[in-house]
Amino acid sequence: MGGLKADDAETGMNDRARVFPDPETVGRLALSESGFVFDPVSGRSYSVNATGLAILRLLQKPTGLAEALDALQTQFEGDAATLERDLIEFAGVLRSEIK
């Protein structure tokens with residue numbers, strides 16, 4: 001999986017808006033190294049594993065889908081299809097839980 005080309009940058013950001021929660025919404029979350037996540041707006045707290053923590057850190061930046069997948073592939077073992085499925089599923093949970 002290669003990085004985004006200049007022509008793909010806009011498409012990547014459109015994918016982000018469709019798949020991922022807003023970076024400002026994810027950006028407000030307090031993350032600890034142990035995987036504790038706190039949302040100061042709702043007062044809710046969550047616990048995530050190392051993969052979830054890596055995804056949250058990626059989503060706190062303006063990252064497109066392809067760029068996020070590339071970053072995850074460098075950190076974790078797994079085939080691209082499984083990583084993509086897991087990333088999209090996690091992003092869906094985030095969109096429903098954190099508003």
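Among contacts in the protein chain between residues at least 6 apart in sequence, 56% join residues at least 24 apart, a contact being defined by heavy atoms within 4.5 Å. The structure is a predicted model, in which local features need pLDDT of at least 70 and side-chain atom pairs count only at pLDDT 80 or more, while totals for chains, interfaces and linings use all residues. Residues are numbered from 1 along each chain as its sequence is written, and side-chain values use heavy atoms, with hydrogens and water left out.

The secondary structure of the protein chain comprises five helices and three strands; helices (H or I, at least four residues) and strands (E, at least two) are DSSP runs numbered from the N terminus. Read from the N terminus, the elements follow the order α-α-β-β-β-α-α-α. Of the 99 residues of the protein chain, 31% count as buried, where buried denotes under 20% relative accessible area, exposed over 50%, and partly exposed the range in between (1.4 Å probe, protein chains only).

The three strands are arranged as an open sheet in the order β1-β2-β3, with antiparallel pairing; two strands are taken to pair if DSSP finds at least two bridges between them. Because β1 (30-31) and β3 (45-47) each have a single partner strand, they stand at the edges, and one side of each is left without a neighbour in the sheet. Three bridges connect β2 (residues 36-38) to β3 in the antiparallel sense. Within this pairing, Ser 47 of β3 is the bridge partner of Phe 36. Ser 45 also belongs to β3 and counts as partly exposed, with 44% relative accessibility. Not counting residues up to four places away in sequence, Ser 45 touches Phe 36, Val 37 and Phe 38. The C-alpha atom of Ser 45 is separated by 9.4 Å from that of Leu 29, which is 16 residues apart from it along the chain.

Helix α4 (residues 65-75) and helix α5 (residues 80-97) have axes that come within 10 Å and cross at roughly 120°; axes are lines fitted to C-alpha atoms, for helices over the stretch in contact, and angles run from 0 to 180 degrees between N-to-C directions. Leu 65, Ala 68, Leu 69, Leu 72 and Gln 73 of α4 make the contact with Ala 80, Leu 83, Glu 84, Leu 87 and Ile 88 of α5. By class, eight nonpolar, one polar and one charged residues take part in this contact; Ala, Val, Leu, Ile, Met, Phe, Trp, Tyr, Cys and Pro count as nonpolar, Asp, Glu, Lys and Arg as charged, and the others, Gly among them, as polar.

The largest nonpolar core contains 21 residues, and those with the most contacts inside it are Phe 20, Leu 29, Leu 56, Leu 59, Leu 72 and Leu 87. Such a core is a set of buried Ala, Val, Leu, Ile, Met, Phe, Trp, Tyr and Cys residues joined through side-chain atoms within 4.5 Å. Two or more residues are given to this core by each of α3 (50-59), α4 and α5, and α3 gives the most, with six residues.

Thr 25 lies in helix α2 (residues 23-27) and counts as buried at 16% relative accessibility. Leaving aside neighbours within four places in sequence, Thr 25 is in contact with Ile 98 and Lys 99. Ser 96, located in helix α5, counts as partly exposed at 44% relative accessibility. Although Ser 96 and Pro 21 are 75 residues apart along the chain, their C-alpha atoms are separated by 9.1 Å.
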